[in-house]
Amino acid sequence: MRSVCYILSLFLLLISCSNEKKKNQEQMNYIDEQQIKDVLEDFNRQLLIQEAKMIDDYVDKQDLDFVKTGTGLRYAIISQNEGELIKTGDMVTIEYEISSLNGYVYYSSKNEGNKSFIVGRGGVESGVEEAIIKLHVNDTAILIIPSHLAHGLVGDGKKIPAKSTLLYKLKVIENKINN
């Protein structure tokens, strides 16, 4: 009987140690995941700071008055017309040129044709969506779209590389107002 108690005690001790080891492993996994998350967030923050500085440097060299929004979008209205502002739900057609800040042209309506989209439903970079509602038909504007408002960490899978800040020159050609 004593040996059975001894074996049972030893078995319980092993299970207890095993459970403690498992609990420690789970805590270590959580710590590792949290540390990884913290490092990635810090890395992302540093990328945003570097990109913002690059945009600031570009804007400083331009002879235009850029407006900066809370999201980091910069826009300058080159020519402005009267009339009703574009609003969410409107069908807009634009002429455009999308390039890098160093001037490399990715896309242009001269080569690709004009672009039409319904405001607020996607189909264009979110930076364009944000800026277009500040414009009228026949307005011309230059947008500087940070990567997080353009194609982000992956690019567009065609011509625009990952983490690209976009220089977007556009003219609103048409607005089919949807009421």
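Visitor: Is Tyr96 buried or exposed?
Guide: This is a predicted model: local features need pLDDT of at least 70, side-chain atom pairs count only at pLDDT 80 or more, and totals for chains, interfaces and linings use all residues. Residues are numbered from 1 along each chain as its sequence is written, and side-chain values use heavy atoms, without hydrogens and water. Buried means under 20% relative accessible area, exposed over 50%, and partly exposed in between (1.4 Å probe, protein chains only). Tyr96 has a relative accessible area of 8%, so it is buried.

Visitor: How many aromatic pairs are there?
Guide: Rings of Phe, Tyr and Trp (its six-membered ring) pair if their centres lie within 6.5 Å; planes under 30 degrees apart count as stacked, over 60 as edge-to-face and the rest as tilted. By this rule, the count is two.

Visitor: What kind of pair do Tyr96 and Tyr168 make?
Guide: Their ring centres are 6.4 Å apart. Their planes stand at 40°, so the pair is tilted.

Visitor: How many residues apart are Tyr96 and Tyr168?
Guide: Helices (H or I, at least four residues) and strands (E, at least two) are DSSP runs, numbered from the N terminus. Tyr96 sits in strand β3 (residues 91-99) and Tyr168 in strand β7 (residues 166-176). The pair links distant parts of the chain, with a separation of 72 residues.

Visitor: What is the relative accessibility of Tyr168?
Guide: Tyr168 counts as buried. Its value is 0%.

Visitor: What is the angle between the planes of Tyr104 and Tyr106?
Guide: These two form an edge-to-face aromatic pair, 5.4 Å centre to centre. Tyr104 is exposed at 54%, whereas Tyr106 is buried at 10%. The angle between their planes is 70°.

Visitor: Which residue lies over the face of Tyr96?
Guide: A charge sits over a ring if NZ of Lys or CZ of Arg is within 6 Å of the ring centre and within 35 degrees of the ring normal. Here the distance from the ring centre is 4.8 Å, and the residue is Lys115.

Visitor: How many residues does the largest nonpolar core have?
Guide: A nonpolar core is a set of buried Ala, Val, Leu, Ile, Met, Phe, Trp, Tyr and Cys residues joined through side-chain atoms within 4.5 Å. Among those with the most contacts inside the largest core are Ile94, Ile132 and Tyr168. β3, β4 (105-108), α3 (126-132), β6 and β7 each supply at least two of its residues. The core has 26 residues.

Visitor: How many salt bridges are there?
Guide: A salt bridge is a side-chain nitrogen of Lys or Arg within 4 Å of a carboxyl oxygen of Asp or Glu. One of them joins Asp57 and Lys53, with the closest N and O atoms 3.2 Å apart. The count comes to six.

Visitor: How many residues apart are the partners Lys169 and Glu97?
Guide: Their side chains meet in a salt bridge of 3.9 Å, N to O. Lys169 lies in strand β7 and Glu97 in strand β3, so the pair ties together parts whose separation in sequence is 72 residues.

Visitor: Where in the chain is confidence lowest?
Guide: pLDDT is the predictor's confidence in each residue, from 0 to 100. The chain mean is 87, and 82% of the residues reach 70 or more. Confidence is highest in strand β6 (residues 140-145), at 98. It is lowest, at a mean of 72, in helix α1 (residues 2-60).
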